[in-house]
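I opened the notebook to look up chain folds, ring pairs and charges. The entries follow in the order in which I made them.

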Amino acid sequence: MTKTRKSSESQALSDAKDQLHKWIINEKKCVTVPYLSRNTQIKSSEAVKLMQEFYKENDDKGLSASYAILAQTDSKDPSKKGFLCKKVVLVQEHELDLVRSTFDHVHSTNIYSIQSNPIDDLKLLTNIDWDDVPHEEKQLARLKERSMSRETSMEPSSSTPAQKSVIQVDKNRKIDAMFSAGRAKKASPKKTSPKKTPKKSPFKKETEKAATSPKKRTPKIIIDGEDDIDDDVKPAPISPVPLKKTPVKDGKNFSEFINQSNDLFCTEESPEKVPIDFMDTSEPAEHKKGKNQNKKASTRKLKSGEKDNEVMEVDKAPPKSSRIPVDVDDDDVIEPRRVIRHAKVPETFVDEDGFLVTSQVNKAIETDEIVVPTKRPVLQPKPANITNEKKKTAK
Amino acid sequence: MNEEENLKRNLVPFADESEADFVLRESDMSEENFKRQFYYVYRVRIDTIQPRVEAKARLQLGKDKKLTELQNMKKGEEVFVAGTILKKMKYRPSVLYEFADEDQELPETLEGGVSLSAEDDILELEDDRQIVKLRGNVNAGKFTTGFVLGFYGHQVQDNYFEVKEVILPEVVPQLEWPLVKQDSYVLFVSGLSLTTDSRKNALVITGLNLLCRWISGELYFSDEEEDIIQNMSRVIFAGESMSLFKGEEFSKATTLTLDTEDLAPELITELDDIFSRFSSILPVDLMPGKGDPTNDLWPQQPIPRVIFQKSIKNEKSFRTVTNPYKFKLADIQFVGTSGENVSNMVNLTRDMSSLDVMQESLECGLIAPTAPDSVDAFPFRNKDPFIINELPHVFFGGNQKQLDHRMAHIGNDGAKVLLLALPQFSESYSVALLNIRTMEVTEYNFSPS
């Protein structure tokens, strides 16, 4: 047994020596004692001896080395007489004598690394070799791992919310797949495709417009967007990722509902839930004003002359039950509008590092309350009591 | 060859004893927690420690000297009184000064990390009914608010008490020192203080990496050093691993404001990497401190393990513990803190070092006498967790300016305690290695420069 062990140890040493030659001479690697010890089957003490011998033997090959010193310094404070202080230092070969002279007593000096080119910063030596991967590569691998796990698990990122960034379509295939998986879970009571019923899906166009104009992510005020409104369609959530869609032709600014995210954590009871077909990348239908729409708009009109001093923020298209056309351009007619409230909604977006981030964002959400706005609506939240009064008036 | 094959460690028996005193229970977390006054904590403190003061007075003054209430004192009569100390300090900052009008004259404040104690500071003694000011044979620079002490002297004026003798509480008993047969080492690291300053962090992490290589045996120096490393039992991180709060020195009133720009999850990731490396080599106990992601009130609860995703994979060897922390290693009792109590007392006293205030704390039977007055503490209803009922063998405090240690004799019964002030690693790059057989402390320095 003893002979077998000795022979295996000597074999290991021999192999380690060969490896050392290969790494340093052939591959020009920087080899440290821990690296040699971990990657060959030898102890650290043996690795130190081996490297010392190797360095001596290959003195003519222009190699450089760094050393680890364990030294002792005596305290100059008389109250701390007898206090033992040991210092562990890594030094370059050319600084060895200078550093040793600064200590009162040097316990040991051992070689720590050998490399073909001298190292500028010895701090790098301590921060590598943990898993045989350089620190930077390890960080990159960690980031990659994180992004992969987030794409599959849909967990919120631990990184701080970064600015929203436009992600190219080819990079979003995984995100699209994720959304499609989420869509599959949703029950869609009304599935309308933009091709078939363009009148009934104005929100799709708003999304498309948002997708094609990724810079326009901030909420916009609808001055006269109610022509697009279809009562039968609920407000659609907006994907923060711009998809390839044709630009919307009507050129109107779209409402706040771009802020609604296609949030997979929304329950099916959420009124903001959008039909799955909304996310269809096929060419959207053109927006046209239908007769029916105008009729519906006309039925929403209230009596003129009713004024409301309260201001209202106009953004999202109202849901089906609201039949209130608003025409701010016409100074003579002031129609009631729906109340917009600010609330925190979860929004999913991809940050600059490529992580899918879900965060709570202050958005304006349209409620069922109705109020008659002033001629020039200004962004302001409305108190509940006034809204209720106007609602009664409207009724 | 991996670390396990490289080194075979000789671990010693370990027991965590913090749960009884320092872990918050449901009964402590009632709805009225933060409406509660701190009177209850002081009540328990007086009820527990005052009998010890009286017992010491019987020995010191004679059995005939009984406790006299302050309201029953007669002028000129030598009496023995006891109660809680209240220290009125000229330079003590107050948050109320920030709300003062421009016309009001504010007291002077001292800048920088110097002692706030002045020569004209006044000590007051408060018992159940009355308060008197103390003068005479009592050094106001030595004590702080929160001590429960006795005094022998007489009343000179309506509200002044002339002190002849100071009577400290009777020292609590200590477990017998166990006989440790083999060398076994505990490594103390304190004050990593990682911040959003990446340059500073890089230096600290480099030093820690060097330390980690050393304790893993990868930095081979000699067979003696290898023996030390083989016999290393535990690593204690004594608080303040993060420095999220931009707290100013105690010379200004510190309000709890969190600079949200400093909150960096990358800090947690860096720490997780560090702790996972250490815990893969040795058992690690992580104590919280000021700035760490846990509650701020003492006793601080363990940092939630879940934030260290890598380290918790070393389930048995990585533990997050309370601050203060109490444990036994090879039957040697350790009690320690992150050092906030020590630094606080050094600031509020004069000409006293970290070890001096630690010794005084033990003599007076309190881990943190200034809690809850100037060290934020939880408003307990019926307990004071900082009362010492059993004298430890080793008493350590982290985050001090430099490493310091001495074997102090506490009381007159021959009890001795090793006092250990741990240096801040972010400043000194030093750690303390304690041999529990010989009680020798060695400082190891891993400065990257």
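Which ring does the charged end of Lys416(B) sit over? I found the ring of Trp177(B), with the charged end 5.8 Å from its centre. The rule I used is that NZ of Lys or CZ of Arg must be within 6 Å of the ring centre and within 35 degrees of the ring normal. I also noted Arg135(B), which lies over the face of Tyr160(B), at 4.9 Å from the ring centre.

Ground rules. I am reading a predicted model, in which local features need pLDDT of at least 70 and side-chain atom pairs count only at pLDDT 80 or more, while totals for chains, interfaces and linings use all residues. Residues are numbered from 1 along each chain as its sequence is written, chains are lettered from A and ligands numbered from 1 in the order in which they are written, and side-chain values use heavy atoms, leaving out hydrogens and water.

Chain B overall. I counted 9 helices and 17 strands, taken as DSSP runs (helices H or I, at least four residues; strands E, at least two) and numbered from the N terminus. Of its 449 residues, 57% are buried, meaning under 20% relative accessible area with a 1.4 Å probe, protein chains only. Among contacts (heavy atoms within 4.5 Å) between residues at least 6 apart in sequence, 75% join residues at least 24 apart.

Ring pairs. I looked up 19 aromatic pairs over all chains. Rings of Phe, Tyr and Trp (its six-membered ring) pair if their centres lie within 6.5 Å; planes under 30 degrees apart are stacked, over 60 edge-to-face, and the rest tilted. Trp214(B) and Phe446(B) have ring centres 5.5 Å apart and planes at 50°, so I logged the pair as tilted. Trp214(B) is in helix α4 and Phe446(B) in the segment after β17, so the pair ties together parts 232 residues apart in sequence. Trp214(B) is buried at 0% relative accessible area, and Phe446(B) is buried, also at 0%.

The rings of Phe275(B) and Phe308(B) have centres 5.5 Å apart and planes at 85°, so this pair is edge-to-face. Both residues are buried. I also found a cluster linked by ring pairs, with Phe14(B) and Tyr325(B) among its members.

Glu340(B). This residue is in helix α7. Glu340(B) is buried yet has no salt bridge, which would need a side-chain nitrogen of Lys or Arg within 4 Å of a carboxyl oxygen of Asp or Glu. The nearest side chain of opposite charge, Lys290(B), is 4.3 Å away.

Definitions and conventions. Buried means under 20% relative accessible area, exposed over 50%, partly exposed in between (1.4 Å probe, protein chains only). Lys and Arg count as positive and Asp and Glu as negative; His and the chain ends are not counted.
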